Every structure is written in structure tokens, then in C-alpha cells.
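Please look at the rings in the structure shown here, and read the notes below alongside it.

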Amino acid sequence: MLCVVSNTNDILLEARGLGKQFPGGDEAISVLDGVDLQVLRGESVSIRGESGSGKSTLLNVLSGLEIADRGELFWEGQLVSKRSLSWLAARRTRFIGFVFQAYYLAPELNSMENVLLGARIAGRVDSTVVDRAEALLKKVGMGHRLKHGSTKLSGGERQRVAVARALINNPPLVLADEPTGNLDEATGEAVMELLLDLANEESKSLVLVTHNPEFAERTQRQLHLHLGKFES
Ligand SMILES: Nc1ncnc2c1ncn2[C@@H]1O[C@H](COP(=O)(O)OP(=O)(O)O)[C@@H](O)[C@H]1O
Ligand SMILES: [Mg+2]
């Protein structure tokens with residue numbers, strides 16, 4: 001599904017005809033089958049689709065965690081789909097913040113250290129970054145748990161730290177894969193509120209995979225993935 005845009009500089013992320021298969025038993029499983037997508041700077045987009053429809057695979061391919069078998073991927077107008085995983089990893093640190101359903105915090109680190117790890121991977125930890133980490137943790141309501149070991153945090157608290165980590169390098173794009181999938185309803189609501197507000201406040205583009213139709217409605221554009229492509 002392509003939308004009409006006047007200024008190509010406003011397109012932050014673009015996918016053209018992305019295809020991805022996985023080896024199956026007798027024959028390969030086709031998971032993405034020609035996905036077209038444009039995400040504008042500052043735009044929020046939600047993606048829904050039944051379990052197994054390829055939502056996580058799509059986010060992984062858009063973020064360069066996995067490579068598509070066919071099609072083209074552009075980050076800020078630059079063709080990146082022919083690049084290696086290591087090139088993508090280096091470039092991704094400043095382009096994309098990722099929030100996963102299962103948080104993926106480093107268990108041996110505290111909240112501050114987990115957020116700073118994101119900056120360390122991007123190769124920059126100075127006093128401004130430490131200040132930003134603290135400010136972000138305060139913004140996500142974790143100012144009172146800066147030095148708390150991540151295994152001692154509740155699910156909602158872990159996801160708040162993960163949201164702060166996703167933003168530490170000030171990426172223009174945040175991808176979130178069912179970020180409230182492991183949380184109870186009230187906590188999920190609070191985390192989603194935070195993610196939408198913060199993306200908005202910090203002028204980020206947001207691609208949100210969610211099963212929750214109410215959360216999906218709160219993004220500017222709603223997409224449905226079905227049989228490996230977006231339904232119109
Ligand atoms: N690494 C993999 N190897 C083989 N099959 C996979 C792999 N990753 C995902 N799949 C399959 O691809 C399909 C889509 O998976 P996924 O993208 O996780 O769906 P969703 O996030 O929409 O639930 C599923 O049928 C899943 O079993
Ligand atoms: Mg998934």
C-alpha cells in the first residue's frame with residue numbers, strides 16, 4: 001500500500017516488494033509476499049494481522065535484523081537491502097529504536113546501564129548521554145528505579161526501561177513489536193500511552209505492531225497484514 005507524498009525527503013523508510021521465505025518441511029514457507037510500505041518522517045503507523053501473518057518478520061526485515069529474499073529497502077532514501085547484517089547493525093543504532101514484546105533487557109544490568117548500553121553500542125557515552133538516559137528514565141516514570149537491577153523490575157517497568165533504551169540514540173524511527181503483549185491490561189495501557197506520547201513529543205516515526213484495535217486506532221494510519229502483504 002503506497003500513499004501519495006509530495007516530498008520524497010519526507011519518506012523515512014520505504015519498502016518495495018519485500019519477500020521473505022523460510023525453509024519449511026516439504027516446501028518453503030512464504031511469509032512476506034510483496035510488501036510495499038512508506039513511512040513518513042514523524043508519522044505513526046500500526047500493523048495488525050493474525051498470529052503467524054508475518055508481522056515480526058516484517059519488522060525484523062525493516063530494521064535489518066533479517067535480510068529479505070527479494071525487494072528493496074530504503075532508509076532515509078538510501079538503498080540498504082544489499083548491505084551486510086554488520087553494516088545494517090552499525091547504521092541501525094542511530095536510525096532505529098526497537099521495542100520488543102519480551103523487553104530483552106540485559107539481566108545483569110540496572111535500568112541506567114540498560115539504557116546506556118544502547119548508547120555504548122552506538123559508540124558514544126559521555127556526560128550528555130548519561131544525562132539523557134536519566135531524563136528519559138524519568139520521563140517513562142522510572143526515575144525512582146535508576147539503579148534497580150532489571151530482573152527485580154515488574155514487566156511494565158521493564159518495558160518502560162526498554163522504551164527509554166529505544167530512544168537513547170535519538171533515532172528518527174521507533175519500531176515496536178507487540179510491546180504490550182506480555183503486560184496486563186492496565187499496565188499495557190500505560191506503556192502504550194507512554195510510547196505514543198513520547199514518539200509524538202520527540203517527533204519520531206512509529207511503526208507499531210499490536211493485536212489491540214484500540215491501540216491501533218491511536219496511530220495516524222492503520223495497516224493489516226494478510227497472506228504476506230498489506231490488505232487495502
Ligand atoms: N526463523 C524462522 N524459521 C522458520 N519459520 C519461521 C521463522 N520465523 C518465522 N517463521 C514462520 O513465519 C511465519 C510468520 O511468523 P511471524 O513473523 O513471527 O508472525 P507474527 O509476528 O505475525 O505472529 C510463521 O508461520 C512462523 O512460524
Ligand atoms: Mg510476532
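## Basis of the model

This is a predicted model, in which local features need pLDDT of at least 70 and side-chain atom pairs count only at pLDDT 80 or more, while totals for chains, interfaces and linings use all residues. Residues are numbered from 1 along each chain as its sequence is written, chains are lettered from A and ligands numbered from 1 in the order in which they are written, and side-chain values use heavy atoms, with hydrogens and water left out.

## Aromatic pairs

Three aromatic pairs are found when the whole structure is searched. Rings of Phe, Tyr and Trp (its six-membered ring) pair if their centres lie within 6.5 Å, and planes under 30 degrees apart count as stacked, over 60 as edge-to-face and the rest as tilted.

W75 and F95 make a tilted pair, with 5.1 Å centre to centre and 35° between the planes. Because W75 lies in strand β4 (residues 70-75) and F95 in helix α2 (residues 85-95), this pair ties together parts that are 20 residues apart in sequence; helices (H or I, at least four residues) and strands (E, at least two) are DSSP runs, numbered from the N terminus. W75 is buried, at 0% relative accessible area, and F95 is buried at 0% relative accessibility.

F100 and Y104 form an edge-to-face pair, 5.0 Å centre to centre with 65° between the planes. Y104 is exposed, at 53% relative accessibility, where buried means under 20% relative accessible area, exposed over 50% and partly exposed in between (1.4 Å probe, protein chains only). One aromatic cluster is formed by F98, F100 and Y104.

## Charges over rings

A charge sits over a ring if NZ of Lys or CZ of Arg is within 6 Å of the ring centre and within 35 degrees of the ring normal. The charged end of R83 sits over the ring of W87, 4.2 Å from the ring centre, and that of R91 sits over the ring of F95, 5.2 Å from its centre.
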